[in-house]
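Please have a look at the sequence and the model first.

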Amino acid sequence: MNVAIVGTGQWSAVIYEKLKRQNDITQIFFVGRGDKVGTIHNGERCISILEIKSKLIDSAFIAIPIKDLYLAAKTCLLSGVNVFVEKPGAQSLEELTHLVELAQRKRLKFMVGYQYLVEAETHLLKNELNPPVDGVEVEHLWLKSRKADSSIVDNLLSHEIARLVFATGNNLTLSTVAIRQEADILEGQLKFDHGDKVIKFDFYINQRSSFVTFKHTKYKGFDLDWMTRSFGRTKADLVNTEICFFLDWAPEKIEQAYSGCIIETRRILDQIKREI
């Protein structure tokens with residue numbers, strides 16, 4: 001099997017290290033733009049995205065800025081290539097819906113890199129939230145050394161909202177958005193309806209923080225950061241599991257288990273961004 005990594009940044013290097021360990025992968029191509037094309041990147045030849053079809057590539061792993069995800073994923077799908085794309089898959093609900101429908105029409109795999117699918121603790125959470133129960137509260141605190149803008153909402157909140165959407169079986173409605181932005185600070189409180197219950201979600205982003213340091217998550221007494229540590233896994237471990245998950249899944253399973261959740265997550269993100 002030939003695979004391609006679209007992007008030549010730091011995260012593409014992480015994906016490359018994991019793909020190298022897959023026994024059924026014959027060749028890995030990097031896909032770049034401009035003067036990157038034709039160069040050697042991590043020991044592999046860098047091609048243009050228009051060459052993907054001619055290289056008989058089975059799957060593409062896309063790790064580029066959010067604004068470029070849609071066009072790259074669309075080009076790969078139209079070339080008959082399965083797509084694993086980094087969160088949140090596209091920068092709008094319209095773009096993401098089009099990609100999902102295109103993949104379904106062509107019977108290709110289309111997966112967004114949300115780690116909740118491979119986290120055992122998320123499945124524990126799902127058992128807790130279904131059916132809806134009293135006293136469910138979600139608390140988040142983020143410190144992030146980046147500009148507080150709409151793209152950072154996609155980057156920081158998308159994983160956690162996707163996990164919540166999945167855990168509630170897509171039975172989640174954003175009812176209240178309260179956003180405060182002042183200088184380098186972006187903070188907000190979200191309230192979701194889940195059945196006849198309310199789930200609260202708070203976030204705080206501080207551009208002045210000099211480190212990407214702290215995330216603390218609680219779901220009805222579950223400290224998921226602590227649970228992840230107790231399972232003994234790192235982010236790199238989860239990336240490896242995600243890749244295996246993607247390569248092993250049949251298109252119809254991706255369609256059934258995945259499409260509704262990633263679309264609902266993108267819908268909620270769009271609602272939040274309209275308030276910023």
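Helices (H or I, at least four residues) and strands (E, at least two) are here DSSP runs, numbered from the N terminus. This is a predicted model, in which local features need pLDDT of at least 70 and side-chain atom pairs count only at pLDDT 80 or more, while totals for chains, interfaces and linings use all residues. Residues are numbered from 1 along each chain as its sequence is written, and side-chain values use heavy atoms, with hydrogens and water left out.

Let me begin with the sheet, where two strands pair if DSSP finds at least two bridges between them. It is an open sheet of 7 strands, in the order 3-4-2-1-5-6-7, with mixed pairing. Strand 3 (40-41) and strand 7 (110-112) stand at the edges, each with a single partner strand, so one side of each has no neighbour in the sheet. Strand 2 (residues 27-31) and strand 4 (residues 44-47) run parallel and are joined by 2 bridges, and Phe30 has Cys46 in strand 4 as its bridge partner.

Is Cys46 buried or exposed? Cys46 counts as buried (under 20% relative accessible area, where exposed means over 50% and partly exposed lies in between, with a 1.4 Å probe and protein chains only), because its relative accessibility is 0%. Cys76, also at 0%, counts as buried as well. With a disulfide taken as a pair of cysteine sulfur atoms within 2.5 Å, the count comes to 0.
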